[in-house]
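Let's take a walk through this model together, beginning with a pair of helices and then widening the view to the whole chain. Keep the viewer open as you read.

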Amino acid sequence: MKLVVIDGQGGKMGSAVIAQLKTALPEYKIYALGTNSIATSSMLKAGADYGATGENPVLVNTKNADIIIGPMGIVLADSLLGEITPAMACAIGSSPAYKILLPVNRCNHYIIGCQDIPLSESIRLVIEKVKEFLQTQGCKS
């Protein structure tokens, strides 16, 4: 089971997700893919098992990921202040992986129907969804 967390800018959201995933599901390896070295470093410090930076690692690792987690912007070209290239957005969106996207209503994107809840609550919901997916796949938890 390949769990991939993608984040950019300072990696704060990805780091928080990884820290909670490692607590809730320590037996799974987590791949941290940062759009920049600061984001990758931050996610590795949070407990990711593997880390890589930039477009090519996203293109390579999303092909065989089982779960991809990140802010909604990872599937929108030129989002995260331009850190998500069109190729990255296409690779993530085209991946057969189960995608768990955190709604972030910033940078000229607004997702109708999303509640404005604290990041900590969004991350709690991410962990629940990962566990639910793993159970439906017959994976131990």
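This is a predicted model: local features need pLDDT of at least 70, side-chain atom pairs count only at pLDDT 80 or more; totals for chains, interfaces and linings use all residues.

The crossing of the two helices is right-handed.

Which residues of α1 and α6 make the contact? On the α1 side they are M13, A16, V17, Q20, L21 and A24, and these meet L119, I123, R124, V126, I127, V130 and K131 of α6.

Strands of a sheet pair through backbone hydrogen bonds, in either a parallel or an antiparallel way. Here five strands make up an open sheet with parallel pairing, and reading across it gives the order β3-β2-β1-β4-β5. Because β3 (50-53) and β5 (98-102) each have a single partner strand, they stand at the edges, and one side of each has no neighbour in the sheet. From one strand to the next, the twist averages 20 degrees.

Let's look at one pairing in more detail. Strand β1, residues 3-7, runs parallel to strand β4, residues 67-71, and three bridges join the two. If you pick out V5, you will find its bridge partner in β4 to be I69.

The helix we began with belongs to this part of the picture too: α1 packs on the sheet, where it touches β1, β2 (30-34), β4 and β5. The direction of α1 makes about 155 degrees with that of β1. Helix α2, residues 37-45, lies across β1, β2 and β3, and runs at about 160 degrees to β2.

Finally, step back to the whole chain. Its secondary structure comes to six helices and five strands, and from the N terminus on, the elements follow the pattern β-α-β-α-β-α-β-α-α-β-α. The radius of gyration is 14 Å, close to the 14 Å that the globule rule gives for 141 residues, so the protein chain is as compact as a globular protein of that length. Taken along the principal axes, the C-alpha atoms fill a box of roughly 40 × 35 × 30 Å.

Conventions
Residues are numbered from 1 along each chain as its sequence is written. Side-chain values use heavy atoms; hydrogens and water are left out. A crossing is left-handed if the near helix is turned anticlockwise from the far one by less than a right angle, and right-handed if clockwise. Helices (H or I, at least four residues) and strands (E, at least two) are DSSP runs, numbered from the N terminus. Contact means heavy atoms within 4.5 Å. Two strands pair if DSSP finds at least two bridges between them. Axes are lines fitted to C-alpha atoms, for helices over the stretch in contact, and angles run from 0 to 180 degrees between N-to-C directions. The radius of gyration is taken over C-alpha atoms; the globule rule is 2.2 Å times the number of residues to the power 0.38.
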